[in-house]
Amino acid sequence: MNDWQRKSPLDWQTYVNKQVKVAAAEKHEYEGWVLTVDPVSANIVLASFPEKEKVVISVVLGHAIQEVEILKEGDDEMEKRLSRLFMPEESKAYSPEELEKRKNNLKTWLETNHIPVTEQGESGRTLCVAGVLTVDPPYSPEECSSSNEIILSRVQSLIQGYLEKQP
């Protein structure tokens, strides 16, 4: 086990959102911004930006890492850029008012179509459909959850159809 693998997850966390140079086995060197470090394998995930809109993701295996040198601290802009790398394109932040409006519109539409729906949770943010399926913010098909796959599939299809008809 090497020094890198002996570090704790808290030690590895200090490298996240920083530009580093990684010296690995067989004189390989990697440079990039640390996205994350796997706490089990000590693998490090790096992102580099060779062209303006392109990104290259590299994974350096923990057992091969010999040294990690911090080159540059990440600023707020870089942290945002790194955090958006794996977000879906349609993913966006909604204000509390927008979320409330989306919830109420979906709830009204479900009730209009004779589908029983209630609000759950401390703040009533989760919609419960027929007591067997939940829909969490931002109230899209991806946020549906149910152990019954048939109901899950049908309600996801209904919500998708409903959202496609919205302006």
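**Notes on the predicted model**

1. Let's start with V59, a residue of strand β4 (residues 56–60); strands here are DSSP runs of E of at least two residues, helices are H or I runs of at least four, and both are numbered from the N terminus. This is a predicted model, where local features need pLDDT of at least 70 and side-chain atom pairs count only at pLDDT 80 or more, while totals for chains, interfaces and linings use all residues. Residues are numbered from 1 along each chain as its sequence is written, and side-chain values use heavy atoms, with hydrogens and water left out.

2. Helix α4 (residues 96–112) has 17 residues and runs 24 Å from first C-alpha to last, close to the expected 24 Å (1.5 Å times one less than its number of residues). Its buried residues are L99, K103, L106, K107 and L110 (buried is under 20% relative accessible area, exposed over 50%, partly exposed in between, with a 1.4 Å probe and protein chains only). Seen down the axis of α4, these buried residues fall within an arc of 100°, so they line one face of the helix (the arc is taken from the directions from the helix axis to the C-beta atoms). Turned away from that buried side are the exposed E97, K101 and T112.

3. Why are there zero disulfides? The sulfur of C128 is 11 Å from the closest cysteine sulfur, in C144, which is too far for a bond (a disulfide needs two cysteine sulfur atoms within 2.5 Å). Both cysteines are buried: C128 has 8% relative accessibility, and C144 has a relative accessible area of 9%.
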